[in-house]
Amino acid sequence: MGSKKVNLKIRVLILLFGCVNLSGFNSSGKINILRENLEDLRGQFKRQSIEQSEKQLSGRAVYEKYCLTCHQSNGSGVPGMHPPLGPGSWVGKEPKDLIKILMEGLSGKIEVNDEVYKDNMPSQSKLTDDEIVEVLTYIRSNFGNNYKSVTPEMVKSVRANHLK
Ligand code: HEC
């Protein structure tokens, strides 16, 4: 074996090693950036879902505190006494009508899903605007309902007209 050949082999080896090293460095750099992006996305997603579930939780908490005794935990109500809040109920009405019901209460004969109700619903005037937003958004997205959220602006506008 001539020493030239050995030299060439070594050179080729060095070249190959260099390439592998370089590309290895490159891709691990890229992988790191990808990993950071992924962590970032994961963090954002986590934050969003925590915020979402906190909102859900507080809507549910308001419901459990102020509505559950009459309308029941699953929104079924009590036939002939307290109307249900699921599909076919008034929960799909205009948000402003629902906001008014909470602020003023409701009396007189009403019909929900062919059942007559004539008990009084006491005004829920102790609820803050935020609690109204949350509890109405909660009942509009639970019990089989899938209606749009109620916004703070909607409550503010009813409150403004309500006080006149
Ligand atoms: C003391 C019992 C009682 C409580 C507490 C109560 N309600 Fe009611 N609710 C009623 C009754 C009774 C009616 C029907 C009133 C009527 O016949 O005029 C009613 C009617 C309603 C209606 C319209 C009819 C329907 O079923 O769609 C909605 C919406 C409603 N309540 C939501 C709520 C929410 C939200 C809360 C809690 C913030 C609440 N209610 C608290 C007894 C209650």
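Q: Let's start with Asp114: is Asp114 buried or exposed?
A: Asp114 is exposed, because 6 other C-beta atoms lie within 10 Å. The cut-offs: 20 or more other C-beta atoms within 10 Å of a residue's own make it buried, 12 or fewer make it exposed, and in between it's partly exposed, with C-beta atoms placed from the backbone.

Q: And where is Asp114 found?
A: Asp114 is in the loop between S1 and S2. Strands (E, at least two residues) and helices (H or I, at least four) are DSSP runs, numbered from the N terminus. The phi of Asp114 is positive, about 70°, although Asp114 is not a glycine.

Q: What about the phi of Asn113?
A: Asn113 has a positive phi too, of about 50°, and is not a glycine. Asn113 has its place in the loop between S1 and strand S2 (115–117). With 12 C-beta neighbours inside 10 Å, Asn113 counts as exposed.

Q: Quick check before we go on: what kind of model is this?
A: This is a predicted model, where local features need pLDDT of at least 70, side-chain atom pairs count only at pLDDT 80 or more, and totals for chains, interfaces and linings use all residues. Residues are numbered from 1 along each chain as its sequence is written.

Q: How many helices and strands does the protein have?
A: Five helices and two strands. From the N terminus on, they run α-α-α-β-β-α-α. Of the 164 residues, 20% count as buried.

Q: Switching to H3: which residues of H3 are buried?
A: Pro95, Leu98, Ile99 and Leu102. They sit on the same side of H3, because they cover an arc of only 100° around the axis (the arc of the directions from the helix axis to the C-beta atoms).

Q: What covers them?
A: The cover over the buried residues of H3 includes H4 and H5.

Q: And what follows H3?
A: Gly105, with a positive phi near 80°.

Q: How many residues are in the largest nonpolar core?
A: The largest nonpolar core has 19 residues, and Tyr63, Ile99 and Val135 are among those with the most contacts inside it. The elements giving two or more residues to this core are helix H1 (3–66), H3, helix H4 (129–140) and helix H5 (152–162). H4 gives the largest share, six residues. A nonpolar core is a set of buried Ala, Val, Leu, Ile, Met, Phe, Trp, Tyr and Cys residues joined through C-beta atoms within 7 Å.

Q: What does Val135 touch?
A: Not counting residues up to four places away in sequence, Val135 touches Gly59, Val62, Tyr63 and Cys67.

Q: Last one: which residues are closest to the ligand?
A: Cys67, Cys70, Pro83, Trp90 and Met121 are the closest of the 28 residues that surround the ligand (each with its C-beta atom, placed from the backbone, within 6 Å of it). The elements that give two or more residues to this shell are helix H2 (68–71), H3, strand S1 (110–112) and H4.

Conventions: Contact = placed C-beta atoms within 7 Å.
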